[in-house]
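Please consult the sequence and structure shown here while reading.

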Amino acid sequence: MLVQMELARIIISEINDQQVVFLREVDGKRSFPILIGIFEATSIDRRVQGNVPPRPLTHDLLKSVIEELGGEPQDIVITNLVEHTYYAVVRIRRLDDDEIIEVDSRPSDAIALAVHYEPHLPIYVDDSVLDQVT
């Protein structure tokens, strides 16, 4: 079962290699952190703050490629947790035939892509993952 989550907090540290995003259950009390890299953290933070760069960065490029190839992202899903590594997919609907394609992704990139849309793409976490981290 999928549980809808939202981006609750981003912690960017200039002295640590790992940054942290916290996801919080939309209609519940569960939350958990995910360690991410500085590039993904700043990409997420920049978009949450409403700062749009003058030229496309990596996640802007990914968004454009999806759209130009006839896709429309539906949501992101954090699907699994194996040995302290999270796995995610971006679910994209092909506009020509309505088929949903799941594209493997790191959660940090999926979340960064999600916040590049207005409104943000929904974020879901598989219940089995939440059982492991909460």
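## Basis of the report

The structure is a predicted model.

## Packing of helix 2 and helix 3

Helix 2 spans residues 58-68 and helix 3 spans residues 107-114. Their axes lie 9 Å apart, and the two helices pack at an angle of about 70°. That angle makes helix 2 roughly perpendicular to helix 3, because angles of 65 to 115 degrees are counted in that category.

On the side of helix 2, the contact is formed by His-59, Leu-62, Lys-63 and Ile-66; these residues meet Asp-109, Ala-112 and Leu-113 of helix 3. Classified by residue type, the contact between helix 2 and helix 3 comprises four nonpolar, one polar and two charged residues.

## Burial of helix 3

Eight of the eight residues of helix 3 are buried, so helix 3 is largely enclosed by the rest of the structure. The buried residues in helix 3 are Pro-107, Ser-108, Asp-109, Ala-110, Ile-111, Ala-112, Leu-113 and Ala-114.

## The largest nonpolar core

In soluble globular proteins, nonpolar side chains tend to be buried together. Here, the largest nonpolar core contains 29 residues. The members that touch the most other members are Met-5, Leu-23, Phe-32, Ile-34, Ile-78 and Val-125. Helix 3 gives the most to this core, contributing five residues.

When residues up to four places away in sequence are not counted, Val-125 touches Met-1, Leu-2, Val-3, Met-5, Leu-23, Phe-32, Ile-78 and Leu-130.

## Asp-75 in strand 4

Asp-75 belongs to strand 4, which covers residues 71-82. Is this residue buried or exposed? Asp-75 has a relative accessibility of 8% and therefore counts as buried, the cut-off for burial being under 20%.

The side chain of Asp-75 makes a polar contact of 2.7 Å with the side chain of Arg-91. With neighbours within four places in sequence set aside, the residues in contact with Asp-75 are Val-89, Val-90, Arg-91, Leu-121, Pro-122 and Tyr-124.

Val-115 is located in the loop between helix 3 and strand 7 (123-126). Val-115 is buried, and its relative accessible area is 5%.

Which residues are in contact with Val-115, leaving aside neighbours within four places in sequence? They are Leu-7, Ile-44, Arg-47, Val-48 and His-120. Gly-50 is 65 residues from Val-115 in sequence, and the C-alpha to C-alpha separation of this pair in space is 9.9 Å.

Key
Residues are numbered from 1 along each chain as its sequence is written. This is a predicted model: local features need pLDDT of at least 70, side-chain atom pairs count only at pLDDT 80 or more; totals for chains, interfaces and linings use all residues. Side-chain values use heavy atoms; hydrogens and water are left out. Axes are lines fitted to C-alpha atoms, for helices over the stretch in contact, and angles run from 0 to 180 degrees between N-to-C directions. Helices (H or I, at least four residues) and strands (E, at least two) are DSSP runs, numbered from the N terminus. Angles under 35 degrees count as roughly parallel, over 145 as roughly antiparallel, 65 to 115 as roughly perpendicular and the rest as oblique. Contact means heavy atoms within 4.5 Å. Ala, Val, Leu, Ile, Met, Phe, Trp, Tyr, Cys and Pro count as nonpolar, Asp, Glu, Lys and Arg as charged, and the others, Gly among them, as polar. A nonpolar core is a set of buried Ala, Val, Leu, Ile, Met, Phe, Trp, Tyr and Cys residues joined through side-chain atoms within 4.5 Å. Buried means under 20% relative accessible area, exposed over 50%, partly exposed in between (1.4 Å probe, protein chains only). A polar contact is a pair of N or O atoms within 3.5 Å; within protein, one must be able to donate a hydrogen and the other to accept it, and residues adjacent in sequence count only if both atoms are side-chain atoms.
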